[in-house]
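Subject: Handover of a structure for your review

Dear colleague,

Please find below the structure that I am passing on to you. I would be grateful if you read the notes after it alongside the coordinates.

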Amino acid sequence: MASVKAIPLPDDPRVMDMAYDVQAIEPEELRNFESKLKPEERELAIKYWQAVKSDFRFNEYLRGCLNCGVCTSGCPAAKFYDFGPREMIQYMMRDAVDKIWEFVNKKVWACVQCYTCSMRCPFNNEIAGLIMLLREYAVQFGLPSAKEILAPYRRVLYTVMTTGNQVTPNMIQPEAFPDWGPQAVEESKNMDVYRKAVPVDLMQRTDIGWQTSLQTAVELMTIFIESGVLDAIKNVDEDLYEMIMDMYEERKQQLEEIKEKYMKGELNEDELPDNWMDL
C-alpha cells in the first residue's frame with residue numbers, strides 16, 4: 001500500500017485562508033487594495049473604510065476574532081441569506097477594503113439587529129454595533145445600497161422626524177402601503193379594534209399615537225438638524241430632506257409669531273393651539 005505523503009505548508013496562514021479565491025502568498029497590499037473595482041469605486045471604498053475606522057466606536061467594538069463561528073451559527077439572517085457576521089469581522093481585521101465594500105453594498109442590510117452575535121461572541125466584540133457603523137456611514141456617503149434600502153421607509157422617517165411617532169395606526173391602509181399586499185387590507189379592517197385593545201391610555205385615538213405640540217415638534221426637528229441626521233438623510237433622499245426642512249421653517253416661524261404675540265399680550269393662553277395640526 002502506497003504511503004500518503006503530506007504536503008508541507010509554509011508558515012504563512014494566508015495560504016490556507018479559504019476566503020481568498022487564489023491560494024497563494026501575496027503581499028497584503030495586493031490582497032486588500034487591488035481588486036476588480038473601478039478606479040472611482042476603489043477610491044470611494046478606501047475613503048469609506050477610513051471613515052468607519054476613524055469613528056471612536058470602531059476600536060471599542062472590534063476586539064479580535066477567534067474565528068469560532070459562534071456569531072454566524074446563531075445569526076437568523078445567515079440561515080436564509082448569504083450573510084455572516086464572522087465574514088464581516090474577518091474582512092475588518094484584514095483591512096480588506098474591496099471585500100468590505102462588497103459586503104456593505106450587498107449583504108450588510110440583511111442584518112436584523114437582534115444582537116445575538118454580540119451576546120455570544122467570546123471576544124466581546126460588539127458585532128451588531130459594527131454593522132450599524134457600516135450602515136451609518138453608508139447613509140452618510142449616500143451609497144446606492146443605502147438609498148435603495150431606505151426608499152420604502154420614507155413614510156416612517158417623515159413621521160418620526162416631524163411628529164415623533166413612527167407609524168400611526170391610521171397609516172395602515174391599503175392605499176398607504178400598497179407594497180404590503182392583501183395583508184394591509186385585512187389589518188385595516190379591524191384597526192379601530194386593535195387600537196382600543198392596546199393597554200395604554202391614548203384616548204383610544206386611531207388617527208395619531210399622541211398629540212405633539214408645536215413647540216415639541218420644532219424642538220424635535222431642531223435636534224435632528226443640529227445632530228446631523230438631516231444632513232445624512234439629504235445624501236440618500238434629497239426630496240425628503242427638502243420636505244422636512246420646509247416644514248421645519250414653517251413651524252418655526254409659526255411658533256415665533258405665537259410667542260411674540262403672547263409676550264405682547266395680544267394672545268391669551270387659552271388661545272394657544274394644543275397641537276401643530278390645529279394651525
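Residues are numbered from 1 along each chain as its sequence is written, and side-chain values use heavy atoms, with hydrogens and water left out.

Overall make-up. The chain has 15 helices and zero strands; these are DSSP runs, numbered from the N terminus (helices H or I, at least four residues; strands E, at least two). Of its 279 residues, 35% are buried, meaning under 20% relative accessible area, with exposed over 50% and partly exposed in between (1.4 Å probe, protein chains only). Counting contacts (heavy atoms within 4.5 Å) between residues at least 6 apart in sequence, 63% join residues at least 24 apart.

Confidence. The mean pLDDT (the predictor's confidence in each residue, from 0 to 100) is 78, and 72% of the residues reach 70 or more. Helix H1 (residues 28–33) has the lowest confidence, at a mean of 52, and H8 the highest, at 94. Over residues 13–20 the pLDDT stays under 50, and over residues 201–206 it is below 50. Where pLDDT is low, the predicted coordinates should not be read in detail.

Helix contacts. Helix H5 (residues 85–94) packs against helix H8 (residues 127–140) at about 70 degrees, with the axes 11 Å apart. Axes are lines fitted to C-alpha atoms, for helices over the stretch in contact, and angles run from 0 to 180 degrees between N-to-C directions. H5 is therefore roughly perpendicular to H8 (65 to 115 degrees). Pro85, Met88, Ile89 and Met92 of H5 meet Ile127, Leu130, Ile131 and Leu134 of H8. Helices H10 (residues 154–163) and H13 (residues 214–226) pack at about 115 degrees, with their axes 7 Å apart. Here Val160, Met161, Thr162 and Thr163 of H10 touch Ala217, Leu220, Met221 and Phe224 of H13.

Backbone angles. Most residues other than glycine have a negative phi. Asn67, in the loop between helix H3 (56–61) and helix H4 (70–73), has a positive phi of about 60 degrees and is partly exposed at 42% relative accessibility. Gln113, in the loop between helix H6 (97–106) and helix H7 (116–120), has a positive phi near 55 degrees and is partly exposed at 22%.

Yours sincerely

Terms used
Predicted model: local features only at pLDDT ≥ 70, side-chain atom pairs only at ≥ 80, totals over all residues. Parallel < 35°, antiparallel > 145°, perpendicular 65-115°, else oblique.
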